[in-house]
Amino acid sequence: MGKAKAKAKQAKGKIKETAGKAMSDREMQAEGRGEQMAGKAQEAAHDAGERMRKSGR
């Protein structure tokens, strides 16, 4: 997964979390936080892969 898709997932999660707060929907807030964390993990994995690629391994 590319870095742009990971960032998009983080943004989608933030929107979902904010909407959940506005509607007092704890489940939606939790889903949003989960999506943000998944996006951050995907971004970190992408960055690690790029570092490995650049180091020639």
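A network of salt bridges links K3, K7, E43 and D47. The model is predicted. Its salt bridges number 8. Side chains of opposite charge can pair when their charged atoms come close.

**K3 and E43**
- K3 and E43 form a salt bridge, and their closest N and O atoms lie 3.9 Å apart.
- K3 belongs to helix 1 (residues 3–22) and E43 to helix 2 (residues 26–55), so this pair ties together parts 40 residues apart in sequence.
- E43 is buried, because its relative accessible area of 12% falls under 20%.
- K3 is partly exposed, at a relative accessible area of 34%.

**K3 and D47**
- K3 also forms a salt bridge with D47.
- Here the closest N and O atoms are 3.2 Å apart.
- D47 sits in helix 2 and K3 in helix 1, so the pair ties together parts that are 44 residues apart in sequence.
- D47 counts as partly exposed, with 23% relative accessibility.

**Within helix 1**
- E17 and K21 form a salt bridge, with 4.0 Å between the closest N and O atoms.
- Both residues lie in helix 1, 4 residues apart, so about one helical turn separates them.
- E17 counts as buried, at 9% relative accessibility.

**Points to carry forward**

Notes:
Residues numbered from 1 in each chain as written. Predicted model: local features only at pLDDT ≥ 70, side-chain atom pairs only at ≥ 80, totals over all residues. Heavy atoms only, no water. Salt bridge = Lys/Arg side-chain N within 4 Å of Asp/Glu carboxyl O. Helix = DSSP H or I, 4+ residues; strand = E, 2+ residues; numbered from the N terminus. Buried < 20%, exposed > 50% of the residue type's maximum accessible area, 1.4 Å probe, protein only.
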